[in-house]
Amino acid sequence: TKQKLWGGRFTGTTDPLMHEFNQSLKYDQRMHAADIKGSIAYAKALSLVGILTAQERDKIVDGLKRVGKEWEDGVFKPQPDDEDIHTANERRLSELIGPLGGKLHTGRSRNDQVATDMRIWLLEEVKDIEESLKGLIRVMVERADKEKDILLPGYTHLQRGQPIRWSHLLLSHAFSFRSDLERLQQQVARISVLPLGCGALAGNPFVVDREFLAKELGFQSLAENSLWGVGDRDFIVEFLMWGSLTMAHISRMAEDLIVYSTAEFGFVSLSDAYSTGSSIMPQKKNPDSLELLRGKSGRIFGNMAGFLMTLKGLPSTYNKDLQEDKEPLFDSVDNVSASLKIAEGVVATLEVHADRMRQALTMDVLATDLADYLVRKGIPFRETHHISGRAVALAESRKCQLNELTLGDFKQLNEKFDNDVLAVFDFEASVERRESIGGTSKKMIDRQVSVLRAALAN
Ligand code: ARG
């Protein structure tokens, strides 16, 4: 059989199961374009320091492009001895251009190569994820802008609390996603740090121009310490953490919508496009999309926790344990991307039942407003809270709504009650009173919409 790339000092062969165990090509081949890109830049850097002539450089670059094209056309043929994407591409390069291919790896190690590839790959993915996240926020903002007139009870402890606008609730989730957007954008500077030129661990003895490499590859900065450059995977941990928090937000929104889509609430219906049926109960329409969003969050947290455990005890620089960064990262990228798109689809196609939301607004959610009414007549809030509570208890004992108590009833609770107390029992007026910044009044919804629109423009 053919010699392994590193086979010089070996006399024995690799155990077949070990060979299989060691091989990462089945999953790291998705970085093929990043690997080719990094190698092309490196070939150019080698020619700048005279390791390659201009002619050799062009032959290598051309060969690398041909290898890249094979991947794109789906005709690249992995060989049993290809350990990973780096060895596969180099093996194929040498098949295409001959022994000259063996000059490419001068001064380079798979250690700086793989760290570079991962960063190139992730930077590309982050761009797409940013667009998906913006898409989700945009759909929420547009809905909120259109559906400002819909009122429902706002809940704490899942108990009716105070009336709010439906848009206010929707935007509360959008604000979580805005923070996620900021955090994603802020990560880019830390992903965009170039390890290429760090060599195996100690640096590059051919003194390749690393600033040239960074420019070629569009990186913002350089790894300033080669040991750090080959051993650092914080950018992966940070992305996994980002994905976890983003999924926690998606999951909480999903939970709201799952509860609201029950027959008992009936506030929203999921479109058929995002629901599934039961194999036995013909009437069922289950919110599987939302349940999967909620469920996948657990797996994304697992990727983060799992990789941190892999990382935490490692000695300095490169250790093969680091190959275990790929599957959790790829899995999180895939599942967070899909989750963002599904969440966008669910929200875009959700049917909102304004009438059911309105029916859920019982008069007791205005008990705070009733207490506030007396505050405006000069009574301390602690007392008005108590008085309003007694009004609630009285209505409850009479099995009537709060606004069905007579003026006489109210006056018995406190003489400051007057005819104008009836004006308290108006849900619209209640939400409109919450007009300080962050409140649920129409004007403050408009403000939130414009704040979020500005964030989307960044
Ligand atoms: N496939 C390896 C990884 O993903 C590439 C680096 C291998 N380096 C080494 N020294 N064995 O980490």
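Two strands are said to pair if DSSP finds at least two bridges between them. In this predicted model, strand β1 (residues 151-156) and strand β2 (residues 159-165) meet that condition, pairing in the antiparallel sense over six bridges. L151 stands opposite R165 in β2, and G154 has Q162 in β2 as its bridge partner. The hairpin of β1 and β2 has two residues between the strands, and in this hairpin H157 takes a positive phi near 55°.

**Overall form**

The chain holds 18 helices and six strands. Its radius of gyration is 31 Å, well over the 23 Å that the globule rule gives for 458 residues, so the chain is more spread out than a compact globule. The C-alpha trace spans about 100 × 50 × 40 Å along its principal axes. Of the 458 residues in the chain, 37% are buried.

The domain assignment divides the chain into domain 1 (7-103), domain 2 (110-149 + 164-359) and domain 3 (363-456). The centres of domain 1 and domain 3, taken over C-alpha atoms, are separated by 71 Å.

Two annotations come from an unreviewed UniProt entry. UniProt lists residues 8-302 for "domain: Fumarate lyase N-terminal". Over residues 8-302 the model is 61% helix and 6% strand, with the end C-alpha atoms 40 Å apart. The UniProt annotation "domain: Argininosuccinate lyase C-terminal" covers residues 365-432. Over residues 365-432 the chain is 57% helix and 0% strand, and the end C-alpha atoms are 15 Å apart.

**The ligand shell**

The residues around the ligand are S24, D28, D84, H86, R110, N111, V114, Y318, K320, L322 and Q323. By class, this shell has three nonpolar, four polar and four charged residues. Helix α6 (residues 110-146) gives the most to the shell, with three residues.

**Loop residues and their surroundings**

Most residues other than glycine have a negative phi. H157 is not a glycine, yet has a positive phi of about 55°. T317 likewise is not a glycine and has a positive phi of about 65°. H157 sits in the loop between β1 and β2, whereas T317 is in the loop between α11 (288-312) and α12 (326-349).

F425 is placed in the loop between α16 (407-413) and α17 (427-433). M31 is found in the loop between α2 (25-28) and α3 (32-48).

The table gives the surroundings of these residues.

| Residue | C-beta neighbours inside 10 Å | Class |
|---|---|---|
| H157 | 6 neighbours | exposed |
| T317 | 18 neighbours | partly exposed |
| F425 | 16 neighbours | partly exposed |
| M31 | 25 neighbours | buried |

The classes follow from the cut-offs: a residue is buried if 20 or more other C-beta atoms lie within 10 Å of its own, exposed if 12 or fewer, and partly exposed in between. With 6 such neighbours, H157 therefore counts as exposed. M31 counts as buried because it has 25 C-beta neighbours inside 10 Å.

M31 and D117 are 86 residues apart along the chain, and their C-alpha atoms are separated by 6.8 Å. F425 and G439 are 14 residues apart along the chain, and their C-alpha atoms are separated by 19 Å.

Technical notes
Residues are numbered from 1 along each chain as its sequence is written. This is a predicted model: local features need pLDDT of at least 70, side-chain atom pairs count only at pLDDT 80 or more; totals for chains, interfaces and linings use all residues. A residue is near a molecule or strand if its C-beta atom, placed from the backbone, lies within 6 Å of it. Helices (H or I, at least four residues) and strands (E, at least two) are DSSP runs, numbered from the N terminus. Ala, Val, Leu, Ile, Met, Phe, Trp, Tyr, Cys and Pro count as nonpolar, Asp, Glu, Lys and Arg as charged, and the others, Gly among them, as polar. Domain bounds come from an automatic or database domain assignment. UniProt positions are given in the numbering used here, feature names are shortened, and annotations may be inferred rather than shown by experiment. The radius of gyration is taken over C-alpha atoms; the globule rule is 2.2 Å times the number of residues to the power 0.38.
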